[in-house]
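Thanks for coming. Please have the sequence and the structure open while I talk.

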Amino acid sequence: MAQWERLRNLCDGKQQLHELYDSDAFPMDVRHYLSAWIEKQEWQRAARDHALAMVLFQILLENLDIQHSRFVQEESFLLQHNIRRYKQNFQKYQDDPCALASTIQCYLNKEKEILDDEEMSGKVQHLRVEQEPMDMSSQQDLDRKITSLRNEMQRMEHTMICLEEQQDEFDFKYQIHKLEAVADEALKKDQVKVLQQLLTKLNNNKKSTLSELKKLLDRIEELISLLVNRELTDWQRRQQKSCIGAPDSICLDQLEKWFTCVAVCLFQVREFFSKLEELVEKVSYDNEPVKVQKPALERRADQLLKDLLQSSFVVESQPSMPPAKGPLVLRTNLQFSVKTRLLVKFPELNHSMKVDVSMDREAPRVKGYRRFNVLGSTSKALNMAESHSGGMVADFRHLTLKEQKSGVSGKVISDISLSVTEELHLIYFNTVFELKGFSVELQASSLPVVIISNSSQQQSAGASVLWFNMLSQNPKDVLFFANTPAAPWPQFGEMLSWQFLSATKRGLDAAHLEMIAHRLFGKQSNYDTCKVSWSKFNKESAPDTFYVWFDGILVLVKTFLEDLWREGLIMGFVSKGKEKSLLKKQQRGTFLLRFSESVIGGITFSWVEITITGEPDVKTVQPFTKVDLSQIPFHEIIRNFQILEADNVPENPLLYLYPNTPKDEAFGKYYTEKTGVNIIFDKNMTKGKEVDNGEDGAEDRALGDAGGGARWLRSERFHLNKQWYQPTCAFNN
């Protein structure tokens, strides 16, 4: 299958795809309509070959012209405009087509990364919380009910045809009877008797039809209840959890099929009522059942249709800033994107329903509560062009927020105090559905967003998003933090695991969670009954709160250690006491990697040595942070780490990754071809040396003689078993 087709079939990775194509550097429309041609070209070679790049550049422009002509024939005005604009933008590569080739190749590589991540996600085994997609039995049950409803609609359609034919027969015979002058009274009575029998049968069939319509509405009402109160509610909860890393499916395609089917059936029911009205207008008689029963049934059908449509307008992709650390944290004056979707898909409504964006229509009257205006293109039509699955969507990509200067008017609730990152705001989307004489206003709202004004508030805002979406069952509760509930440990631990699972494709196992629980609650026989308060999570010990510590580790792993973590080479969350008890039972040179409990965003390693008395002795280095790892990869530090033993002989004490995997076997595939510089610890002189393991042989140089060929990488004190050593590391330029 072509790469673009595979990307279109993704459900959980589509948000990454939208973020990738959020700018005009290489528009998604161009990628979509020219996908087959794009994937066949040698863009990597063209990035280095000017002649080839120029040929591909010219062909690209020709393909855009062809696509523009197709849109002219199809009368797709908006797509005509976009393709013309994209072609004009590409003209800037006229003098440097290699740059365009390089850009396209970059996008193709990033697409492949998204596909690889999706594939890896399916293979995750470490404490992966089972997804909660629609239960197969409930989905099959709904499919059966939908199929049964369609069959009922077909039977009702046949019934209406038969009813119309029956009434036409009666009307025809009645009109003939009126025109004929029958002298024979007996014959006349027989004709009247026949007409009366036809009318009675017609009347009974109308009553039966109305009864069947009532049963049909009962069936539809049951289906709507299942769709709205169960399936849609479950999807909304899954979406809420997916915003904080849960690996839940949030694809809407199946829901859209069900919603659309029920809506089509309701419009068909309305047509049945119109047909009954026509029959009444053609033939009227005393005690006509349609006149009596139809109005109430029609009102019920309209109400069901209204309820269905009002529930079908949803926010498919929650507000996020690209490149997003996570959704629902927005910053003033920075662009964000959000996508709405109508789950009832009628192609004739394509580009005809305008969606308007607004903020906090019913903002709480809390002292200091800020209000915002939405700026940018705040009105957009629902269309099928912006959805790869063909859904009716309005994709807002360039919205910004600006704080209103005026304060909150009216009476305020003075006993509620919320910090900036505890303020929750809703973004509203409004549109009007109009089809076949039926009109209804629709509104959808985002999950609560946290709005910040500078990057220093990002981390605290992220904590608020995690806490709300972990615990809140009310997606519109903007005063959630006025009385913040505590989190049960099982639910809290699950949420922590999601953070690693979504960022690195490996969650936290039971041992990791036990260490974290011990850090929060101390030693307990069972943590299941423990609860974490909002204050303990994000307020106590500020600025180094629990969440700051945890998030610092997550950022470090995602940025520098993802491969090592995903492979299970980093034990990570293990206490110092547990670490010592594990290592003391192992052979000399066994080491493990763990996250620092005191340094934010730090990772360290410890190893066991055997003293002259034969006792195990565990040693630990001072944690490495992003400052260190941005200059030298962690696996290279492990590879080249050495200490000076007796006679100043450098030795790497790291031999076996816990429990007994040879170091090079564990980390070898990450090594660079050339050995880097060793970090040497001099136990006797507290002096570091640089060892150059070049192709010309090893050459030891004292640091003072390093000369111009070396530059300093780090000069910090490392703590080894209550002794201080001064390592100095350099490497050749």
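This is a predicted model: local features need pLDDT of at least 70, side-chain atom pairs count only at pLDDT 80 or more; totals for chains, interfaces and linings use all residues.

Let me start with helix α9, residues 136-179, where Arg144 and Asp141 sit 3 residues apart, about one helical turn. These two form a salt bridge, with 3.8 Å between the closest N and O atoms. Asp141 is partly exposed, at 24% relative accessibility.

Next is Lys145, whose side chain meets that of Glu222 in a salt bridge at 3.2 Å, N to O. This pair links distant parts of the chain, since Lys145 is in α9 and Glu222 in helix α10, 77 residues apart. Both count as partly exposed, Lys145 at 25% and Glu222 at 40%.

A further salt bridge joins Lys345 and Glu256, at 4.0 Å, N to O. Lys345 lies in the loop between β3 and β4 and Glu256 in helix α11, so the pair ties together parts 89 residues apart in sequence. Shared partners join Asp253, Glu256, Glu316, Arg341 and Lys345 into one network of salt bridges. Glu256 is buried, at 6% relative accessible area, whereas Lys345 is partly exposed at 25%.

Now the helix contact. The axes of α13 and α17 come within 10 Å and cross at roughly 100°, which makes α13 roughly perpendicular to α17. Among the contact residues are Gln459 and Leu466 of α13 and Tyr547 and Asp551 of α17.

Last, is Leu593 buried or exposed? Leu593, in strand β13, is buried, with a relative accessible area of 0%. Its contacts include Leu569, Phe605, Phe634 and Leu657.

How values were computed: Residues are numbered from 1 along each chain as its sequence is written. Side-chain values use heavy atoms; hydrogens and water are left out. Axes are lines fitted to C-alpha atoms, for helices over the stretch in contact, and angles run from 0 to 180 degrees between N-to-C directions. Helices (H or I, at least four residues) and strands (E, at least two) are DSSP runs, numbered from the N terminus. Angles under 35 degrees count as roughly parallel, over 145 as roughly antiparallel, 65 to 115 as roughly perpendicular and the rest as oblique. Contact means heavy atoms within 4.5 Å. Buried means under 20% relative accessible area, exposed over 50%, partly exposed in between (1.4 Å probe, protein chains only). Lists of a residue's contacts leave out its neighbours within four places in sequence.
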